[in-house]
Amino acid sequence: MSDRAIRARGALGSWSAVMLVALVAVAVVGSLTIDGVASPRFWRFVTLEAIPIALIALPMTLIVITGEIDLSVASVLGLTCTVVGQLWVWGVSSLPALIAISLLMGAVLGAVNGLFVTGFGLPSLAVTIGTLALYRGLAYVVLGDRAVANYPVAWTTSAIKPLPGTTIPWVILVVAALAVIFAVVLHATPIGRGLYAMGNNAEAARFAGVNVRQAKFWLFVASGAMSALAGVFWTLRFASARADNGTGLELAVVAAVLLGGVSIFGGRGALLGVLASVCLLGVLRNALQLAYVPENTLTVITGSLLIASVVGPNVVGMLRERLRRRRSNAPTVSPSS
Amino acid sequence: MPPLLTLDGLSKSFGAVAALQDVRLELFGGEAHALVGENGAGKSTLVKILAGVYPPDAGTITLDGQPLSLSGPADARSAGIAVIYQEPTLFPDLSVAENIFIGRQPLRSLRRIDLAKMRARAAELFARLGVRLDPDRPARGLSIADQQLVEIAKAISLEARVLVMDEPTAALSGVEVERLFAVTRALRDAGAAVLFISHRFDEVFALCQRITVMRDGRRVSTGVTQSLTVDAVVRQMVGREVSAMFDKQPAAIGEPRLEVRGLTRHGVFADIGFTVHSGEIVALAGLVGAGRSEVIRAIFGIDRRDAGEVLVDGAALPNADTAAAIKAGIALVPEDRRQQGLVMELSVERNATLPRRWALTRAGLLFPGAESRAAATWAQRLQVKAARLTDPVATLSGGNQQKVVLAKWLATAPRVLIVDEPTRGIDVGTKAEVHRLLSTLAADGVAVLMVSSELPEVLGMADRVLVMHEGRLTADIPRARAGEEAVMLAATGQAAAA
Amino acid sequence: MMTVDAPPVRPQTRGARLARRAFLVRELGIALALGLLVAVTFAVNPRFLSAQNIKDLLLGSTILAILAVGQAIVVITRNVDLSVGSILGLSAFATGALFVAAPGTPIAVMLLAGVALGAVLGAVNGGLIATAKVPALVVTLGTLYVFRGLDYMWATGRQINAADMPPGFLRMGTDTVLGMPVLALFAAAVLIAVGYYLRHYRGGRELYAIGSDPAAARLSGIPAGRRVFAAFVASGALAGLAGVLHAARFGTIDANAGLGSELNVVAAVVVGGVAIFGGSGSVYGAALGAVLLTTIRAALPVLGISPFWQGAAVGALILAAIGLDRALSARVARSLRERNVTHV
């Protein structure tokens with residue numbers, strides 16, 4: 001991002017704060033004007049929808065801050081769904097075992113990305129477009145066009161069971177715990193300092209003893225594992241494993257991360273902003289649905305928000321710069337000219 | 001004779017900082033004119049205005065008596081102003097010929113590019129410059145010196161009447177500098193005006209007829225070279241008397257600290273072996289491209305070594321592991337401050353604490369204030385001039401940036417300090433401070449390994465001079481016998497037999 | 001005149017030859033892989049090269065190839081256009097809607113209308129990127145949603161069928177001239193025109209310069225903003241053209257035309273040897289990449305491999321292509337460095 005945009009974003013106050021304010025505003029205005037937004041059921045849906053996106057957005061935020069990107073996440077999710085389904089068909093009937101296998105597989109898939117990016121020095125955008133196709137392809141190899149849906153009710157309800165006394169699914173606690181871990185790593189540990197440094201200037205980071213390759217490799221591993229976890233949740237929540245589960249979700253996640261204030265060029269952004277933007281998009285989508293605004297309008301709004309989030313600060317910065325120049329020029333332009 | 005180019009009342013500010021204030025400069029055809037000043041004096045801003053990159057806030061530019069308004073680099077070029085930047089600006093994927101003619105390629109029918117003609121004209125330019133470069137090869141992989149030559153070919157092809165050179169020799173060896181000067185003199189004698197910006201006074205005095213000194217965004221003086229001395233110019237640059245440059249303190253040479261044995265990186269350098277003792281300053285001299293920076297990169301673990309070993313206080317370092325090298329007590333102040341030394345977008349304090357961020361943790365976490373406190377101590381000790389330590393380090397002047405780099409490494413309490421061109425591109429005042437600092441560190445028992453292309457610095461500071469030539473160590477000269485001639489002979493490979 | 005001593009100039013050094021060869025190797029490599037794939041498939045089942053099947057292959061590649069040419073223009077400038085699938089969708093639906101509203105519209109007008117619509121949408125991308133100076137990935141990810149959303153809003157669930165379009169137009173989607181499908185001729189014309197422009201015109205070379213080093217481009221006085229804007233307009237216009245051809249080929253259009261094709265297009269470009277960080281590669285390579293991806297899809301069933309392996313094969317191919325490309329350019333770079341000491 002240009003210097004100007006960086007400064008402009010600084011001037012707008014912390015972008016995370018902007019996102020939080022927007023989230024609260026949308027929630028309040030929605031509750032007051034749209035029937036049903038205030039209901040507990042609404043928040044249950046918002047949470048269920050936000051959980052997989054949030055799970056994937058956590059590692060994605062860190063990856064984008066290092067200047068890389070992982071577009072294969074939705075395919076890892078899809079592949080995990082099919083593997084969980086196939087294993088169930090084959091008679092693996094222990095949920096913890098399925099979760100463990102999924103996490104391991106996700107980590108391996110992420111390690112493949114990491115190996116191509118850090119081992120061979122290839123651009124992650126190209127590599128993960130490749131593995132996006134590869135992993136989704138493998139999902140079709142596993143299940144073809146079949147769907148596996150006959151899971152035990154105990155499993156499917158376990159994923160969406162509400163916290164006692166609320167309608168919010170308990171899984172949100174898992175997401176919250178993971179979010180805290182990721183936030184602490186990013187914002188309050190030497191590892192996080194290294195991530196910001198390499199995102200701004202990988203060469204200088206290496207000269208300061210930051211192991212750039214190692215950090216990026218493990219981030220891709222984490223991204224794979226978290227996507228697999230999202231895949232398990234997806235399978236159980238919808239009680240259905242299909243090869244096309246979560247198709248296109250990668251762009252939704254990237255959109256949320258970018259709207260959350262993370263610079264696509266790396267080195268800038270905060271986890272709070274990303275979580276706020278994930279929630280903002282979820283609340284907005286569901287609230288407008290309740291208001292009978294058609295789905296396609298939501299698509300337009302998502303896209304516009306994303307564009308506005310980068311164009312807005314830039315334009316504000318430009319205008320401010322111009323204003324400042326005009327002011328500072330005023331006395332130096334002598335009347336003799 | 002009226003001046004070819006006149007700048008009058010030129011001012012430019014960035015935010016609250018006035019980079020240029022009311023600067024006046026006249027350039028005559030057939031003149032080489034030096035522009036000198038400390039870093040932050042406003043030279044680069046002036047260059048960028050002449051290049052059309054920045055519009056001035058106030059002031060006029062007159063070329064041949066006609067007022068000139070530059071709204072972009074293209075305007076400057078078509079007015080006949082060519083700029084050669086400190087770092088060449090070539091397109092690595094395009095051919096050398098295309099790099100020279102980009103945007104002005106010779107055309108044939110239907111406005112198509114005449115590839116054959118373009119190639120021939122590039123070849124002709126290189127012949128005139130006396131260099132052997134294939135016009136068809138891509139610019140990727142060219143040495144800095146060759147890139148600089150392509151830039152010069154571009155300037156000549158523009159038939160530039162005003163040639164601005166911003167520290168063009170910073171990365172060149174002696175032979176290459178000579179060639180560059182030959183070309184520049186020829187251009188000058190053909191009637192062009194040359195504006196030459198350099199930190200190297202020998203070059204300034206050898207090439208230029210007049211010298212303009214700038215300080216703090218203002219012109220201090222313009223004088224004829226013959227009537228000036230280096231001392232006088234330096235005094236005007238810094239605005240005060242400069243104390244002795246190389247104030248080397250005596251230090252007791254102790255135990256071996258850094259031992260390098262048989263260090264090899266295929267195709268880059270081979271069989272490098274030397275020892276640096278506690279209290280000793282060892283200079284690693286040689287021409288640019290001799291492999292000096294590459295050797296220290298391998299010592300520090302930035303690059304993998306193919307053979308050999310590196311020991312600190314007798315303990316061997318793992319291969320290609322910078323974190324381990326830092327832990328063992330090595331610190332490296334790299335050559336390229338902007339690309340390697342600092343993360344320009346991060347704050348002063350984050351930069352200053354980056355190498356020892358692990359040491360500042362409690363229970364694995366960095367608590368608020370830990371970094372600021374650590375950074376403040378060192379910023380104060382080295383007198384870093386920064387408005388706030390939370391400002392991006394990019395907002396500091398070059399000399400202060402170098403101090404941040406030094407602070408960042410001194411804070412790790414290194415036992416071995418490696419400095420690569422520690423005073424390149426920083427002002428005279430800070431230079432002396434850096435030299436004093438190195439000397440003090442050595443006196444405290446640190447082993448200092450210094451790569452430098454500036455012979456006075458090498459001879460003034462080093463207890464021992466190691467010389468490299470084409471990837472090999474060709475000489476190890478003790479201070480008593482180290483002289484300009486001995487070092488240059490070894491650096492050019494002529495003393496290898498001796 | 002100034003002349004320093006002038007040693008003879010050797011116009012051909014090894015480095016340059018190798019670099020030129022690398023350019024060839026890239027395109028040749030893809031062509032070779034394509035040839036190999038076709039040969040093996042043909043050996044297994046000679047019907048793979050029947051006139052009908054070749055025609056189907058070419059038809060199948062056409063739209064992806066046109067999109068890939070447009071994408072390559074943008075990628076060469078170190079940008080990316082993720083909105084092409086949505087532009088195609090809008091243009092395809094607009095084609096149908098225009099035929100419904102004005103059944104007599106001549107085909108040429110229809111093609112122009114599609115191109116113009118695409119160019120306008122591309123101008124939106126380019127305008128935001130060039131004037132507001134924001135990253136292309138973010139902007140075009142945004143317009144991917146916006147354009148698709150507009151498409152949905154316009155279509156409101158409707159579908160336009162072959163019966164709504166003139167037979168002449170639909171025939172264009174299947175007709176052949178001298179054995180070549182008309183649609184493939186469109187793609188070939190686009191490819192040759194763009195390829196020639198990029199190689200032989202200042203504007204084309206400047207696109208490479210911008211992608212090679214954006215900062216240097218600015219210092220060299222290249223109007224980078226204008227050129228990047230033009231690249232996005234071109235990419236949009238080609239996606240618009242692809243939308244009209246999509247309508248002609250499939251005859252049935254709903255708001256989902258081209259959905260999710262953006263990453264496929266980028267994949268074709270990458271397989272075709274265009275560096276994702278700009279500055280190198282060619283539109284010929286990108287088009288070959290598109291043909292290769294399409295052929296793999298067609299060849300797998302013939303080879304008796306389950307069609308469910310398609311995606312995996314494409315993914316593996318992408319990884320192999322970028323891996324080989326890296327290995328190749330590393331070798332070229334090494335040889336260029338060795339040849340470095342050329343001046344006397």
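**Reading helices, a sheet and a buried arginine**

Mentor: Helix α3 of chain C is largely enclosed by the rest of the structure, because 15 of its 18 residues are buried (under 20% relative accessible area; exposed is over 50%, partly exposed in between; 1.4 Å probe, protein chains only). This is a predicted model, where local features need pLDDT of at least 70, side-chain atom pairs count only at pLDDT 80 or more, and totals for chains, interfaces and linings use all residues. Residues are numbered from 1 along each chain as its sequence is written, chains are lettered from A in the order written, and side-chain values use heavy atoms, without hydrogens and water.

Trainee: In what order do the six strands of chain B form the open sheet?

Mentor: Strands pair if DSSP finds at least two bridges between them. The order is β6-β9-β10-β3-β11-β12, with mixed pairing. β6(B) and β12(B) each have a single partner strand, so one side of each lacks a neighbour in the sheet. β11(B) and β12(B) pair antiparallel over six bridges. There, Ile211(B) has Gly223(B) as bridge partner.

Trainee: Is Arg205(C) buried or exposed?

Mentor: Arg205(C) is buried, because its relative accessibility is 8%. Arg205(C) sits in helix α8 of chain C. Contact means heavy atoms within 4.5 Å. Beyond neighbours within four places in sequence, the contacts of Arg205(C) include Leu94(B), Glu98(B) and Leu198(C).

Notes
Helices (H or I, at least four residues) and strands (E, at least two) are DSSP runs, numbered from the N terminus.
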